[in-house]
Every structure is written in structure tokens, then in C-alpha cells.
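Biologist: Before we go through this one, please put the model up. I will ask about it piece by piece.

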Amino acid sequence: MALVPYEETALMGLQKFHKPLATFSFANHTIQIRQDWRQLGVAAVVWDAAVVLSTYLEMGAVELRGCSAVELGAGTGLVGIVAALLGAHVTITDRKVALEFLKSNVQANLPLHIQSKAVVKELTWGQNLESFSPGEFDLILGADIIYLEETFTDLLQTLEHLSSNQSVILLACRIRYERDNNFLVMLKRQFTLYVDKGHILFLDILIH
């Protein structure tokens, strides 16, 4: 059972996306995430699902120390940063256009002795997957990455390539449209799917 409490605040809504900095406290660290909605849009703001997934990791949902993890569609990098602070070796990925912005947040928020545990790497789903070893990761993370139907097949292919029979996949998502449920149907064909529905978001735990 994976219930993550999450309260709405006065900052909920589009207003928070236009703030240049978003501040959080995880793993006994203050994390300041730079945001840039005007330049990069959805890739450069912290979505609710990233906060929920980071909270879930901090609650000790999975053992992160020494774990090999990857974050897909990382955007600002909050989830990957939290995973690294909690002891994981994390590959934090996104498309090329977002990489410099992503790197700046990772470097600004990880102490020097932890920065070696986090690698920022380009990954466009479904493309150049040979740059990653099949089944390379123990843990695959994704926050609010289910929203464009045209990416569903590529995302599924990417999840299949990166995971092994022992891998755990944690996806925190807000289901906004009926088409988003189509992706869950696709997942169920390839993975064992556990769904915990909360007040605002639900957290999916998938085991290959």
C-alpha cells in the first residue's frame, strides 16, 4: 500500500510555475529548483507528481542505498536529486533540449561528495536505447510522464529495455484524460501493475 499524503496550498495552479525558484526540503537538505516556464515550458517546472514521488522515496518505500536508478523525463531533476541524496546511483535523463537546464539544477543541489552519484544523460524515449544496457537499472522513476498519447509506445519500449525481471518501476501520475488510461492498459500487458489512488494523484508500482 503506497499512500502519500499531499496537501493543496495557495500556490496550486499555474501561478507557481512562473516562480523562478521552487524550494523543497527532502533528505535533510533544502533543495532550490530553478524554473523557466517561458523558455522550456512543461520541462522546466516542478509538477505535483514529482513532489509526491520524492515524498514517497523519502518515506523509505524502496531501499535506495547502492541502488542503480534512472529517472525518465526528469525535467527539473527533483526526483533524481532526492534519490541521489538518499543514497542511490542515479542516471537523470531527458531530451537534449532540456539537458543544460537539468544539469544546472542537479549541480546546484547536490553536495560535491554526492555529485558523482548522479549522471545527467540524454534520452529520448524509443531512440538510441543501445546507449543503455538492457535491464541496466534496479529502479526506474517517472513523475507525470504519461500525458502525450503519441509517446506511449516509445515510453513502453523504453521501460521494457531499461528494466529486468527484478526491476521496480515507480510512476507518480495525474490521470487527466481518458487516453491516459490507455497507457495503463498497455502497461498491464507487459508488467505487474499495482495502483494506489490518492486524493490528488495516484502512484503506480510496476514490477517487470
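Predicted model: local features only at pLDDT ≥ 70, side-chain atom pairs only at ≥ 80, totals over all residues.

Biologist: How are Lys103 and Glu100 placed in helix H4?

Modeller: An α-helix has 3.6 residues a turn, so residues three or four places apart point the same way. Lys103 and Glu100 are three residues apart in H4, residues 99–109. Their separation is therefore about one helical turn.

Biologist: Which class of accessibility does Lys103 fall in, and which does Glu100?

Modeller: Exposed means over 50% relative accessible area, and buried means under 20%. Lys103 has 29% relative accessibility, so it counts as partly exposed. Glu100 is at 59% and therefore counts as exposed.

Biologist: How many residues of helix H2 are buried?

Modeller: H2 spans residues 48–58 and is mostly covered. Its buried residues include Asp48, Val51, Leu53 and Tyr56.

Biologist: Where is Glu58 found, is it buried or partly exposed, and which residues is it in contact with beyond its neighbours within four places in sequence?

Modeller: Glu58 is found in H2. Its relative accessible area is 37%, so it is partly exposed. Asn28 is 30 residues from Glu58 in sequence, with 9.9 Å between their C-alpha atoms. Leaving aside neighbours within four places, the contacts of Glu58 are Ser25, Phe26, Ala27, Asn28 and Leu86.

Biologist: Which residue with positive phi follows H2?

Modeller: The phi of this residue is near 85°. The residue that follows H2 is Gly60.

Biologist: Why is strand E3 described as largely enclosed?

Modeller: E3 covers residues 68–72. It is largely enclosed by the rest of the structure because the number of its five residues that are buried is four.

Biologist: Which strands pair with E3?

Modeller: Four bridges join E3 to E4, residues 89–94, and the two run parallel. Ser68 has His89 as its bridge partner in E4. E3 also pairs in the parallel sense, over four bridges, with a strand at residues 139–143, where Val70 stands opposite Ile140. The partners of E3 are E4 and E6.

Biologist: Which helix makes a β-α-β unit with E3 and E4?

Modeller: The unit is right-handed. The helix in it covers residues 78–85 and is H3.

Biologist: What do the buried residues of helix H6 pack against?

Modeller: H6 runs over residues 152–162, and Phe152, Leu155, Leu156, Thr158, Leu159, His161 and Leu162 are buried in it. These buried residues pack against E3, E6, E7 (168–173) and H7 (178–190).

Biologist: Which residues make the nonpolar surface patch of about 230 Å²?

Modeller: One member lies in the loop between H1 (37–40) and H2: Val42. At 43% relative accessibility, Val42 counts as partly exposed, which is over the 30% a patch residue needs. The patch is made by Val42, Tyr147 and Leu148.

Note on methods:
Residues numbered from 1 in each chain as written. Heavy atoms only, no water. Buried < 20%, exposed > 50% of the residue type's maximum accessible area, 1.4 Å probe, protein only. Pairing = 2+ DSSP bridges. Right-handed = clockwise from strand over helix to strand, strands pointing away. Patch = residues over 30% accessible without salt bridge, like charges linked within 9 Å, V, L, I, M, F, W, Y side chains within 5 Å. Areas by Shrake-Rupley, 256 points an atom, 1.4 Å probe, with all protein chains shown as cover. Salt bridge = Lys/Arg side-chain N within 4 Å of Asp/Glu carboxyl O. Contact = heavy atoms within 4.5 Å.
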